[in-house]
Amino acid sequence: MRKIVLSAAMSTALLATTLAVTQSSSSAQSATPATTRTTKTTTTAAQYVVLYDAGVSDALARTSIAAAGGTVLSSNAEVGYALVSSDAADFVEKAGSALGLVGAAKNRSIGEAPADTVADAASVVEKLTASERAQVQADVDLKSLATRKPKDEPLAPLQWDMAAIGATSDGSYATQPGTKKVTVGIIDTGVDGTHPDIAPNFDAADSRNFVTDMPDIDGPCEVANCVDPVDVDDDGHGTHVASTIGAPINGLGMAGVAPKVNLVNIRAGQDSGYFFLQPTLDALTYAGDAGVDVVNMSFYVDPWLYNCQANPADSPAEQQQQRVVVAAVQRAIDYARSKGVLPVSASGNEATDLGAPGVDSTSPDYPVDADGNPTQARDRTIDNATCLNVPAENDGVVTVNSTGPSGRKAYYSNFGTEQSDVSAPGGDAYDTPDQRVSPDGEILAAYPEALALASGDVDENGEPTSPFVVREVTKDGRNAYYQYLQGTSMASPHAAGVAALIVSQYGKPDKAHPGTLTLDPDLTQAILLGTATDTPCPVPAEFTYRRVSATAGESTTTATCAGPADDNGFYGEGIVNAQTAVSAF
């Protein structure tokens with residue numbers, strides 16, 4: 001789930017069909033204080049993330065890696081893992097039995113935007129004529145003028161999501177809008193730090209890019225060394241997430257949940273939306289070392305939708321890979337949390353009860369053929385006791401489900417009594433009066449101008465060509481674009497923003513990072529969950545979703561909720577509430 005997001009242009013349920021690739025060169029990034037890098041590289045060898053046994057020294061681990069036929073490219077002694085290259089056919093087997101090593105996992109993609117399964121929004125998002133564009137903009141302007149309050153940002157009337165959680169000019173903004181002493185890390189595809197409605201809160205100095213662009217999946221590199229600047233997002237997902245969390249109150253466009261917090265890009269995702277295991281581990285480690293208070297994570301570990309300990313449908317090497325992924329991500333999460341970071345994650349878009357996932361037919365989704373189709377995917381019966389959706393089901397992570405404008409669980413959102421901590425607005429394009437796709441059901445947030453132009457969502461005159469894109473103009477004549485998206489990726493940053501407000505309101509001076517605030521993640525999480533609005537299961541508990549498609553007609557799906565009003569499978573402990581959270585004491 002790089003992105004646990006549904007494209008606004010698609011506006012349909014997304015299944016996670018991720019395209020994983022073996023990383024062709026070691027990631028070039030600002031190393032964390034705990035990371036040691038070597039200069040040797042291997043062009044023909046495969047790359048692996050090797051996890052150390054707990055407490056094993058870096059020196060001993062390196063010796064064992066070398067004995068197994070591997071060359072260490074970089075290592076993180078604090079968390080206990082290394083990026084290794086090897087051309088030995090039996091490297092995985094040897095690493096799995098080597099002294100001091102848990103095992104090795106191929107350094108593949110760790111997530112991607114789930115693929116659209118139904119093209120029923122095509123007729124909605126066809127490029128608009130000039131007159132239609134004018135009418136869409138007029139409708140936006142009319143709605144803004146009709147319902148906007150004096151202190152609201154111009155696009156506030158389009159932000160049903162903020163109203164739903166009390167993040168408004170007469171709600172939490174008036175009580176606690178956040179502070180620059182609190183930092184939220186966006187572990188994503190990057191952040192457009194130059195966007196006019198992000199720039200005032202964007203901290204370029206503390207941002208990091210742990211990713212090297214890969215031409216085979218990302219296209220031609222935009223810069224000579226293939227490492228994008230820290231204020232670039234060529235995908236758009238991270239920018240949307242960042243502005244939902246912390247777009248400023250500046251008289252332009254929209255405001256985020258926490259409009260005065262500090263935003264840092266901790267990039268772990270490729271331009272194409274793929275994430276690799278090693279950059280993600282580096283990003284979590286950096287968050288802990290840099291004094292970040294909250295991180296938002298919207299992805300699942302690829303190539304397995306569920307990482308199992310020993311699924312009989314998998315080979316020994318595949319079983320080892322999944323065990324390493326689970327253990328390595330858990331260790332990085334534990335490290336970050338021990339340093340004061342609260343990790344927040346999206347639950348996923350498969351409309352699945354994570355407590356009873358059934359059969360997974362999508363994994364492994366790598367390798368792929370020339371058309372990008374998985375060549376080894378097969379039916380795997382998923383045992384809830386030994387298989388995890390990572391990081392959503394990792395310990396120490398606040399897992400967030402998605403809701404639509406009516407407050408219902410979004411049709412695509414995963415759920416589960418064991419897995420759901422809270423819920424938050426993430427959009428539901430079918431949660432409309434006629435159950436037809438509409439941008440009104442989705443989440444509006446910032447959209448990089450370069451990407452809008454490249455995608456054809458904006459014409460040569462700067463005018464939007466889609467009803468899912470909104471344009472604002474700054475006082476100095478710059479364009480600021482916003483796009484509608486839906487997904488649990490959009491829900492998670494609402495919860496992360498509320499968590500940032502909690503640290504802003506109740507945090508204490510951070511001795512390790514002077515001039516900033518900190519709060520024990522256990523307390524931040526307790527307040528976040530404890531102040532969420534209890535939301536009972538629907539009656540009947542088996543809820544029916546009706547969707548009307550212009551191309552496929554009417555369809556229905558069901559999902560069954562279980563549990564009491566204060567803790568159930570659809571909503572967890574409730575829908576997050578910014579105003580209640582900052583008024584708890």
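Buried means under 20% relative accessible area, exposed means over 50%, and partly exposed lies in between, with a 1.4 Å probe and protein chains only. Cysteine 226 is buried because its relative accessible area is 15%. The structure is a predicted model, in which local features need pLDDT of at least 70 and side-chain atom pairs count only at pLDDT 80 or more, while totals for chains, interfaces and linings use all residues. Residues are numbered from 1 along each chain as its sequence is written, and side-chain values use heavy atoms, with hydrogens and water left out.

**Parallel sheet**

- Helices (H or I, at least four residues) and strands (E, at least two) are DSSP runs, numbered from the N terminus.
- Two strands pair if DSSP finds at least two bridges between them.
- An open sheet of 7 strands runs in the order β10-β11-β9-β13-β15-β19-β20, and its pairing is parallel.
- The edges are β10 (208-209) and β20 (422-425); each has a single partner strand, so one side of each is left without a neighbour in the sheet.

**Strand β9**

- Strand β9 (residues 183-187) is largely enclosed by the rest of the structure, because 5 of its 5 residues are buried.
- In a regular strand the side chains alternate between the two faces of the sheet.
- Thr183, Gly185 and Ile187 point one way from β9, whereas Val184 and Ile186 point the other way, and all are buried.
- With strand β11 (residues 262-267), β9 pairs in the parallel sense over 4 bridges.
- In that pairing valine 184 stands opposite leucine 263, and isoleucine 186 stands opposite asparagine 265.
- With strand β13 (residues 294-297), β9 also pairs in the parallel sense over 4 bridges, and glycine 185 stands opposite valine 295 there.

**Salt bridges**

- A salt bridge is a side-chain nitrogen of Lys or Arg within 4 Å of a carboxyl oxygen of Asp or Glu.
- The count by this rule is 15 salt bridges.
- One of them joins aspartate 360 and arginine 380, whose closest N and O atoms are 3.3 Å apart.
- This pair links distant parts of the chain, with aspartate 360 in strand β16 (residues 359-360) and arginine 380 in strand β17 (residues 380-381), 20 residues apart.
- Aspartate 360 and arginine 380 are both buried.
- Glutamate 463 and arginine 471 meet through their side chains at 2.7 Å, N to O; glutamate 463 counts as partly exposed because its relative accessibility is 33%.
- Arginine 546 bridges to glutamate 554, with the closest N and O atoms 2.7 Å apart; arginine 546 has 32% relative accessibility and therefore counts as partly exposed.

**Backbone exceptions**

- Most residues other than glycine have a negative phi, and most peptide bonds are trans.
- The peptide bond from valine 390 to proline 391 is cis, with omega near 10 degrees, and proline 391 is in the loop between β18 (387-388) and β19 (398-403).
- Valine 539 and proline 540 are also joined by a cis peptide bond, with omega about 0 degrees; proline 540 is in the loop between α12 (521-530) and β26 (542-549).
- Cysteine 226, a residue other than glycine, has a positive phi near 65 degrees and is found in the loop between α6 (215-218) and α7 (237-246).
- Glutamine 435 is not a glycine but has a positive phi of about 60 degrees, and it lies in the loop between β20 and β21 (443-447).
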